[in-house]
Amino acid sequence: MRIDIVSIFPEYLAALDLSLVGKARVAGLLDLRVHDLRDWTTDRHRTVDDTPFGGGAGMVMRPDVWGQAIDELTATGPAHLVVPTPSGATFTQRTAEALATEDQLVFACGRYEGIDARVAEHYRAAGHRVSELSIGDYVLNGGEVASLVMVEAVARLLPGVIGNPESLVEESHGAAGLLEYPVYTKPPVWSDLEVPDVLLSGHHAKIRRWRRDRALEKTSARRPDLIAALDASTLDKHDRAF
Ligand SMILES: Nc1cc(-c2ccc3cc[nH]c3c2)n[nH]1
C-alpha cells in the first residue's frame, strides 16, 4: 500500500518514522510519503489560504493549490482521498479495515477553517473514492493528528506489520466484537494485588473462558451498544449471563 499525507506542517507526521509503522516503511511493507502542501504553491509567499466567501471568521484553504497536489499524487492510479474533519463520518475499526484494502490512500490535512468544499466534490466527480472522516466528537486545530491516528490504525492491519496477527482478533473492536479482557504480567503480586489464579493454572480452556467472560463483562458495562450489535449466533448460553 501507498499512503500520501499532505500538510502545511509535514514535521507533525514525524511520528510515523517511529516504532511499528517506521519499521514497516523500512521493510518495504508500506510506502508512506509525507508532503508539504506549499510545494504546490506558485506565489512568492507560498499562499495556501484565503478569506471565506460569505464572510465569517478565519481563513479557508484554497482549492487550486490542493488540486495541484492531489492531481499529482493520484496520477499513477486509483486513490482513496481521506479528508479528516470534525464534520465527517466516524472513523471506526471497520473503517480502518476497509481503508487497509486500498492500493493508495491520500490524506489531505486541513488547517484554518478547513479545505474549500469543492476539493472533495471535484474528486468524487472525477471518480475517486472520497471519505470525509472524524476521529471523534471533539475539535482539533488541523487534520494532522487525525491522520496520524487513522494511518496507525490502518497500517497495523497490513500483512507483516504487527508480529502476531492473531492478536488482532481478541483486541478491543477486533473480530470478536468485544472490548479486550484485562492483561497481566510479572510480578505475580504487585502493590498487594494478585494476578487471577486461573491465569497461573495452565488450564487453557478455563483461561479462554475466563478471558471471554471478562471481555463480555467489560463490554456490557462500558459499551452495551457493542453487545447489542453482536450477531446473536456468536453468543453461547453462558455468554448471555452478562
Ligand atoms: N475528529 C476531528 C477532526 C478534526 C479536524 C480535522 C481537520 C481540521 C482542519 C482544521 N481543523 C480541523 C479539525 N477535529 N476533530
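1. Serine 191 sits in the loop between β8 and β9 (193-194); strands here are DSSP runs of E with at least two residues, helices are runs of H or I with at least four, and both are numbered from the N terminus. Although serine 191 is not a glycine, its phi is positive, about 55°. Before going on, please keep in mind that this is a predicted model, in which local features need pLDDT of at least 70 and side-chain atom pairs count only at pLDDT 80 or more, while totals for chains, interfaces and linings use all residues. Residues are numbered from 1 along each chain as its sequence is written, and side-chain values use heavy atoms, with hydrogens and water left out.

2. Aspartate 192 is also placed in the loop between β8 and β9. Its phi is near 60°, again a positive value in a residue other than glycine. Why does aspartate 192 count as exposed? Because its relative accessibility is 77%, and exposed means over 50%, buried under 20% and partly exposed in between (1.4 Å probe, protein chains only).

3. Please look at the peptide bond that joins lysine 186 and proline 187 too: it is cis, with omega about 0°. Proline 187 belongs to the loop between α6 (167-170) and β8 (189-190). As background to these backbone points, most residues other than glycine have a negative phi, and most peptide bonds are trans.

4. Glutamate 144 is part of helix α5 (residues 144-155). Glutamate 144 counts as buried because its relative accessible area is 0%. Its side chain makes a polar contact with the side chain of serine 7, at 2.6 Å. A polar contact is a pair of N or O atoms within 3.5 Å; within protein, one must be able to donate a hydrogen and the other to accept it, and residues adjacent in sequence count only if both atoms are side-chain atoms.

5. Now to the ligand. Which residues are the closest to it? They are Ser134, Ile135, Gly136, Tyr138 and Leu140, among the 15 residues that surround the ligand, each with a heavy atom within 4 Å of it. The shell divides into 7 nonpolar, 7 polar and 1 charged; here Ala, Val, Leu, Ile, Met, Phe, Trp, Tyr, Cys and Pro count as nonpolar, Asp, Glu, Lys and Arg as charged, and the others, Gly among them, as polar. Strand β5 (residues 80-90) gives the most to this shell, with 3 residues.

6. A polar side-chain atom of serine 134 lies 3.2 Å from a nitrogen atom of the ligand. For isoleucine 135, a backbone N or O atom is 3.0 Å from a ligand nitrogen, and for glycine 136 a backbone N or O atom is at 3.2 Å. The protein covers 94% of the 360 Å² of accessible area that the ligand has on its own, by the Shrake-Rupley method with a 1.4 Å probe.

7. For the overall picture, the protein has 8 helices and 9 strands. Its C-alpha atoms fill a box of roughly 70 × 40 × 40 Å along the principal axes. Of the 242 residues, 40% are buried.
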